[in-house]
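Hi everyone, thanks for coming. I'd like to walk you through one model today, so please have a look at it with me.

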Amino acid sequence: MKNIAVLPFKYLAISFLFLLSTSLQAQIKPRLLEVIQEKVSGGYKIYAKNTNACPVSLFFDFQANNTCGIPKGRILVEAKAEKQFLFYLSACQTQEAYKFTYQYTYWLGDTELLKYDEKFTYMLPFSEGASYKVIQGYFGNYSHQAEYAIDFKMPEGSKVTAMREGIVVLVKEDSNRGGGSITFVNDGNFVLIYHSDGTFANYYHFKKSGCVVKEGDIVRQGQLIGYSGNTGWSSEPHLHVDIFSFKPMLNEKNMLTYPAFFMVGKNRQTTLEFGKTYTSVRP
């Protein structure tokens, strides 16, 4: 908890700032976003510092008296913003004292994303010429209920490549634990990539120390990003991928997944089906 002193003329009010991080699955959490309060003539300017490599949606919950300038709804903070101005707070009735306290929460990306590139053609997430079988598809019964996600049967140590150009937002590769129970969900190694249309791609189950990219890297389509494994909630070695955006309160994962077209042959794109084997080609 961080103390914030608010000086309404000759009166002092103490408020507390509480940071609540959110997650895709329990292990995917954003980096720090800091809210900065600066006293100026007549009020306070509020800024944000975002250490994440993608935009962040910021929400405030205020308790206030005689305070004007309180924001409503989501504020989008730019990627790697050092000091982005958010809003200005001041007394509504200037001859009277004012005070405010607030809490804030934040989510990776734009939680109000309305449009994404539905026609984009993704490359399969493995080396050109390699072939792997889909062992769980969209809305699968094992762990993909109500979501567009794909699992490829893939031996440990297989090359994993970027399905689309983007910027690496988060990397986890320190785990060597996995198993067929949801209790292992926090142990999965992953790479999270942000795309130009505002969506994310999650690549999950990398082997320990199996990621070859780092946060902030810009990757091109088809570029090697790591090596598959069997970490996290996994009943056998495989690669899990999904494309999504964060949507608070939409469901228990606070996320909306999207279907995608993949290039599977010359001039042929398709959605992937359970039980079929696909060979990677470049779009």
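Let me start with a term I'll need in a minute: a polar contact is a pair of N or O atoms within 3.5 Å, where, within protein, one must be able to donate a hydrogen and the other to accept it, and residues adjacent in sequence count only if both atoms are side-chain atoms. Now the ground rules: this is a predicted model, so local features need pLDDT of at least 70 and side-chain atom pairs count only at pLDDT 80 or more, while totals for chains, interfaces and linings use all residues. Residues are numbered from 1 along each chain as its sequence is written, and side-chain values use heavy atoms, with hydrogens and water left out.

First, the overall picture. The protein chain has 26 strands and zero helices; these are DSSP runs numbered from the N terminus, with strands (E) of at least two residues and helices (H or I) of at least four. Of its 283 residues, 51% count as buried, and buried means under 20% relative accessible area, exposed over 50%, and partly exposed in between, with a 1.4 Å probe and protein chains only. Contact means heavy atoms within 4.5 Å. Among contacts between residues at least 6 apart in sequence, 67% join residues at least 24 apart.

On to the inside. A nonpolar core is a set of buried Ala, Val, Leu, Ile, Met, Phe, Trp, Tyr and Cys residues joined through side-chain atoms within 4.5 Å. The largest one has 36 residues, and L58 and F60 touch the most other members. Strand 10, residues 99–108, gives the most to this core, with six residues. A second, separate core has 33 residues, including F152, M163, I225 and V241. Back at L58, its contacts beyond four places in sequence include L33, V35, I75, L86 and Y104.

Now, R164. Where does R164 sit? R164 is in the loop between strand 14 (159–161) and strand 15 (166–172). Buried or exposed? R164 is buried, with a relative accessible area of 3%. Its side chain makes a polar contact of 3.0 Å with that of Y122 and another of 3.1 Å with the side chain of D197. Leaving out residues up to four places away in sequence, R164 also touches others, among them D117, F120, H195 and Q221.

Let's compare a few other loop residues. N52, in the loop between strand 5 (43–50) and strand 6 (56–65), is buried at 1% relative accessible area. N52 touches P30, R31, L32, A79, K80 and L108, again not counting residues up to four places away in sequence. G188 lies in the loop between strand 16 (178–179) and strand 17 (189–194) and counts as buried at 0% relative accessibility. The C-alpha atoms of G188 and T231 are 4.7 Å apart, although 43 residues separate the two along the chain.

K276 is in the loop between strand 25 (268–270) and strand 26 (277–279). With a relative accessible area of 40%, K276 is partly exposed. Beyond its neighbours within four places in sequence, K276 is in contact with Y132, K133 and V134.

That's my tour, so please pick a residue and let's talk!
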